Amino acid sequence: QIEKEGRTIHLGMDIFSNKQETIYAPYEGMIVKAGKEEGSKTYGHYMIIEHISQGLKWYSFFGHLSSELLNKGTIIKAGDKIAKLGDFHENGGWSIHLHYQLLTELPETETPIGYSSIENFELNTSLYPDSRIVLGSLY
């Protein structure tokens, strides 16, 4: 369906920068995935952190990172330095920015979808809640 409509509704939050800023953990957790999505116009290097708060398990996805990633299984605390933004050559071919996305479950593929069709929006927002829950309103 997305192929017919194109990239219709963005499910994460993109935060652009002029330089390769450091990324900090929003909450404590454990890195459950860290890798690189190959190809052009992909997430490039990415990381997924599992969080548990008030008995609820959820995940933070960070895309377009530099190649210097922490290892899977690393325990982190809120405020820890976890990554840096990647440049064009390592972040999937984009200008320097962070793609941050909330997940209610780990994706079946290595990385989550970043966009939804209108038809699947209700389902996708249950899997990928609004990132402003964590980031606040940036605009």
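Predicted model: local features only at pLDDT ≥ 70, side-chain atom pairs only at ≥ 80, totals over all residues.
Biologist: Which strands form the open sheet, and in what order?

Modeller: The open sheet has six strands, in the order E2-E9-E6-E5-E4-E7, and their pairing is antiparallel.

Biologist: Which are the edge strands?

Modeller: They are strand E2 (13–16) and strand E7 (75–76), each of which pairs on one side only.

Biologist: How many bridges join E2 to E9?

Modeller: Four bridges join these two antiparallel strands, E2 and E9. In one example, Phe 16 has His 97 in E9 as its bridge partner.

Biologist: What is Ile 23 in contact with, leaving aside its neighbours within four places in sequence?

Modeller: Its contacts include Phe 62 and Leu 65, as well as Leu 98. Ile 23 is also in contact with Asp 80, Lys 81, Ile 82, Ala 83, Lys 84 and Leu 85.

Biologist: Now a single residue. Where is the place of Thr 42, and is Thr 42 buried or exposed?

Modeller: Thr 42 sits in the loop between strand E4 (29–37) and E5. Thr 42 counts as buried because its relative accessibility is 14%, and the cut-off for buried is under 20%.

Biologist: Which backbone oxygen lies 3.0 Å from a polar atom of the Thr 42 side chain?

Modeller: It is the backbone oxygen of Glu 37.

Biologist: How many residues apart in sequence are Gly 35 and Ser 67?

Modeller: Gly 35 and Ser 67 are 32 residues apart in sequence, while their C-alpha atoms are 8.5 Å apart in space.

Biologist: A change of topic: how many salt bridges does the count come to?

Modeller: The count comes to three salt bridges. Side chains of opposite charge can pair when their charged atoms come close.

Biologist: Which residue does Asp 130 form a salt bridge with?

Modeller: Asp 130 forms one with Arg 132, and the closest N and O atoms are 2.6 Å apart. Asp 130 is partly exposed at 37%, and Arg 132 is partly exposed at 37%.

Biologist: What about Glu 38: which side chain does it meet in a salt bridge?

Modeller: The side chain of Glu 38 meets that of Lys 36, with an N to O distance of 3.9 Å. Glu 38 counts as exposed at 57% relative accessibility, whereas Lys 36 counts as partly exposed at 39%.

Biologist: And which residue forms a salt bridge with Lys 57?

Modeller: Glu 50 does, and the closest N and O atoms are 3.9 Å apart. Lys 57 is partly exposed, with a relative accessible area of 42%.

Biologist: Why does Glu 50 count as buried?

Modeller: Glu 50 counts as buried because its relative accessibility is 16%, and buried means under 20%.

Conventions. Residues numbered from 1 in each chain as written. Heavy atoms only, no water. Salt bridge = Lys/Arg side-chain N within 4 Å of Asp/Glu carboxyl O. Buried < 20%, exposed > 50% of the residue type's maximum accessible area, 1.4 Å probe, protein only. Contact = heavy atoms within 4.5 Å. Polar contact = N/O pair within 3.5 Å; in protein donor to acceptor, adjacent residues only side chain to side chain. Pairing = 2+ DSSP bridges.
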